[in-house]
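My entries follow in the order in which I looked things up.

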Amino acid sequence: MSRCARTLPLPLAAVLAALAPAAVLAQQAHTPYSPSPLGVRWSMPINSVTRHAPSWSATDIGLAGSFLAILWVDAAQTRSVARGNWKGFHEANPIIGPRPTVGQINAYSAAAAVTTLGVAAVLPARARRWWLIGALAIEAYAVTGTTSSGISLRIN
């Protein structure tokens with residue numbers, strides 16, 4: 001295995017400019033001083049970065065993408081019911097309650113996506129596949145249950 005290092009030269013002024021709020025940047029634009037000639041360099045052997053990164057198969061990526069798509073459909077259906085003031089409906093997920101707001105639905109969906117894919121990322125390959133199949137099955141069950149109740153999804 002070859003050890004190669006990549007060096008990324010970053011001027012200190014560029015790093016500070018990226019971290020500074022807009023008001024500071026506007027103030028700096030009106031000062032007569034030039035940017036600092038100091039620079040920051042960082043290097044790390046590339047194999048030490050990728051050694052611990054698990055490789056995902058095409059099946060894993062497909063399952064993860066399918067999970068995200070069906071989660072999006074579930075969230076869209078739930079948001080449409082929430083915008084209708086939950087007339088005749090309630091949310092079955094006990095984590096977000098019987099009548100969540102659109103903001104709560106969005107926050108829960110984002111957290112569910114990050115958590116599910118984060119857990120999948122640290123699992124061994126075989127367990128990852130079963131984890132993603134389970135998550136996809138739960139979401140598919142939720143969407144089919146919602147659709148059979150008469151809630152459709154409109155894409156504008």
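I took helices (H or I, at least four residues) and strands (E, at least two) as DSSP runs, numbered from the N terminus. With that in place, I read the chain along its sequence as β-α-α-β-α-α-α-α, which comes to six helices and two strands.

I noted for the record that this is a predicted model, in which local features need pLDDT of at least 70 and side-chain atom pairs count only at pLDDT 80 or more, whereas totals for chains, interfaces and linings use all residues. Residues are numbered from 1 along each chain as its sequence is written, and side-chain values use heavy atoms, with hydrogens and water left out.

**Whole chain.** I looked up the accessible area (Shrake-Rupley method with a 1.4 Å probe; for residues, only the protein chains shown count as cover), and found that the chain exposes about 11000 Å², with carbon and sulfur atoms supplying 65% of it. Of the 156 residues in the chain, 22% are buried. Taking contact to mean heavy atoms within 4.5 Å, I found that 72% of the contacts with a separation of 6 or more join residues 24 or more positions apart.

**Helix α4.** This helix covers residues 58–83, 26 residues in number, and reaches 37 Å from its first C-alpha to its last, close to the 38 Å expected at 1.5 Å a residue; the expected span is 1.5 Å times one less than the number of residues. After α4 comes Asn85, where I noted a positive phi, near 60°.

**α4 against α5.** How do α4 and helix α5 (residues 102–122) pack? Their axes are 9 Å apart and the angle is about 165°, where axes are lines fitted to C-alpha atoms, for helices over the stretch in contact, and angles run from 0 to 180 degrees between N-to-C directions. That makes α4 roughly antiparallel to α5, since angles over 145 degrees count as roughly antiparallel, under 35 as roughly parallel, 65 to 115 as roughly perpendicular and the rest as oblique. The residues that make the contact include Phe67, Leu71 and Ala75 of α4, and Ile105, Ala112 and Thr116 of α5.

**Thr116 and Ala135.** I then followed Thr116, which is found in α5 and counts as buried at 10% relative accessibility. Setting aside residues up to four places away in sequence, Thr116 touches Phe67, Trp131 and Ala135.

Ala137 sits in α6 (residues 125–148) and is partly exposed, with a relative accessible area of 45%. From Ala137 to Phe67 I noted 8.5 Å, C-alpha to C-alpha, for a pair 70 residues apart in sequence.

Conventions
Buried means under 20% relative accessible area, exposed over 50%, partly exposed in between (1.4 Å probe, protein chains only).
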